[in-house]
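Let's take a friendly tour of a protein model, a few residues at a time. Keep the sequence and the 3D view open as you read.

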Amino acid sequence: MIVAVIIACEIGFWVLLGLGLASRYLWNRRALSTALLVSVPLLDVILLAAAVIDMRGGATADFKHGLAAAYLAYSIMFGHSTLKWADARFHHRFGGGPPPPRPPKRGPARTRYEWIFWLRIVLAYGLAWGVVLILGLLVGAPERMGPLYEFLGQAAKVPLIALIWPVSQTIWPGKEEPMRS
């Protein structure tokens, strides 16, 4: 059940985002657009409720629940920036807006960009742990949480692997391109 809810929430995210942006830039319906985009976080509430219901129903916490926690953490840490990213591109393509901003290519600005992005990954990982701990409290069955703790232990590889980019950018920052006039 949880995997189906995760898939439905992911599809729902992109459907709400697409409809929200289309209603803003193609159909000129700002109120509808705002309502659709503001409703995106409700998907996270639905996912959390489904995980709690599943575990309170006797399910042992496993990969699926860990994936739900990771999805929630991603939504909290990266959801807003994902919406801004998509909005900038949609605005440029369909609304006559300026080209979307790009991250810096090299130099200290790129190094700062990479470290900030990595920090957000670390915070998302910490939030996933927080979600798991809250799930454990809500379910009230710590003996069924072991596989979930193991999953999150394995998920620690994500921030460790992601550390490659800011460290390499710090060691080899490259030269900033001169300003063109």
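## A pair within one helix

Why are Arg110 and Glu114 separated by about one helical turn? Because they are four residues apart in helix 5 (residues 107-139), about one helical turn lies between them. Helices here (H or I, at least four residues) are DSSP runs, numbered from the N terminus.

Arg110 and Glu114 form a salt bridge, with their closest N and O atoms 2.8 Å apart. The term salt bridge stands for a side-chain nitrogen of Lys or Arg within 4 Å of a carboxyl oxygen of Asp or Glu. Both of these residues are buried, a word used for under 20% relative accessible area, while exposed is over 50% and partly exposed is in between (1.4 Å probe, protein chains only).

## How to read the model

This is a predicted model, in which local features need pLDDT of at least 70 and side-chain atom pairs count only at pLDDT 80 or more, while totals for chains, interfaces and linings use all residues. Residues are numbered from 1 along each chain as its sequence is written, and side-chain values use heavy atoms, leaving out hydrogens and water.

## The other salt bridges

The structure holds three salt bridges. One of them joins Arg24 to Asp87, where the closest N and O atoms are 3.7 Å apart. This pair links distant parts of the chain: Arg24 sits in helix 1 and Asp87 in helix 4, 63 residues apart. Arg24 counts as buried because its relative accessibility is 17%.

Asp62 and Lys64 also meet through their side chains in a salt bridge (3.2 Å, N to O). With a relative accessibility of 24%, Asp62 counts as partly exposed, and so does Lys64 at 29%.

## A bent helix

Now look at helix 4 (residues 63-94), which has 32 residues. Its end C-alpha atoms are only 40 Å apart, short of the 46 Å a straight helix would reach at 1.5 Å a residue; that expected span is 1.5 Å times one less than the number of residues.

Where does helix 4 bend? It bends by about 60° at Phe78, the bend being the angle between axes fitted to the seven residues ending there and the seven starting there. Just after helix 4, Gly96 takes a positive phi of about 75°.

## A buried cysteine

Cys9 lies in helix 1 (residues 2-25). Its relative accessibility is 3%, so Cys9 counts as buried. Leaving aside residues up to four places away in sequence, Cys9 touches Leu43, Leu47 and Tyr71, where contact means heavy atoms within 4.5 Å.

Technical notes:
Helix = DSSP H or I, 4+ residues; strand = E, 2+ residues; numbered from the N terminus.
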